[in-house]
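User: I would like to go through a structure step by step. Please begin with the terms as they come up.

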Amino acid sequence: MSDKVLHISDDDFQNEVVNSDKPVLVDFWANWCGPCKMIGPFIEELAEEMDNVKFVKIDIDKNSEYAAKLGVMSIPNLILYKDGAIINRQVGALPKNELKAFIENSIN
């Protein structure tokens with residue numbers, strides 16, 4: 001498991017995501033979610049490859065506050081933040097190359 005992907009809680013969200021000085025990809029996921037497990041390794045790999053983006057994961061079973069606030073109804077739910085604001089979101093799993101393109105096209 002990559003040490004570049006932060007596992008955060010609702011308590012960390014403001015500091016790690018909203019106040020971040022670089023774009024943040026937030027992966028709302030759960031342990032029982034098959035597609036979440038499928039994209040997990042892609043997120044780990046992209047975190048190693050993309051130093052200009054912060055990658056965080058938040059387990060919706062343990063941390064439901066921000067999932068509810070942000071209207072997360074289906075997972076995986078990837079929300080991209082830049083300068084404290086949501087700039088894009090993706091619901092459902094993507095292949096690694098499409099996930100990378102989603103991030104790059106959103107932040108550039």
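Analyst: Buried means under 20% relative accessible area, exposed means over 50%, and partly exposed is in between, with a 1.4 Å probe and protein chains only. This is a predicted model, in which local features need pLDDT of at least 70, side-chain atom pairs count only at pLDDT 80 or more, and totals for chains, interfaces and linings use all residues. Residues are numbered from 1 along each chain as its sequence is written, and side-chain values use heavy atoms, with hydrogens and water left out.

User: Is cysteine 33 buried or exposed?

Analyst: The relative accessibility of cysteine 33 is 4%. The limit for buried is under 20%. Cysteine 33 therefore counts as buried.

User: Which cysteine does a disulfide join to cysteine 33?

Analyst: A disulfide is a covalent bond between the sulfur atoms of two cysteines. Here it is assigned to a pair of cysteine sulfur atoms within 2.5 Å. The S to S distance is 2.3 Å, and the partner of cysteine 33 is cysteine 36.

User: Is the disulfide of cysteine 33 and cysteine 36 right-handed or left-handed?

Analyst: The torsion about the S-S bond is about 80 degrees. The disulfide is therefore right-handed.

User: In what order do the five strands form the open sheet?

Analyst: Strands (E, at least two residues) and helices (H or I, at least four) are DSSP runs, numbered from the N terminus. Two strands pair if DSSP finds at least two bridges between them. The pairing in this sheet is mixed, and the order is β1-β3-β2-β4-β5.

User: How many bridges join strand β2 to strand β3?

Analyst: Strand β2 covers residues 24–29 and strand β3 covers residues 54–59. Valine 26 has valine 56 in β3 as its bridge partner. The two strands run parallel, and the number of bridges is six.

User: Which strands does helix α2 touch?

Analyst: Contact means heavy atoms within 4.5 Å. Helix α2, residues 34–49, packs on the sheet. The strands touched by α2 are β1, β2, β3 and β4.

User: At what angle do the axes of α2 and helix α4 cross?

Analyst: Axes are lines fitted to C-alpha atoms, for helices over the stretch in contact, and angles run from 0 to 180 degrees between N-to-C directions. Residues Phe42, Ile43, Glu45, Leu46 and Glu49 in α2 meet Lys96, Leu99, Lys100 and Ile103 in α4. The axes come within 10 Å, and the crossing angle is roughly 50 degrees.
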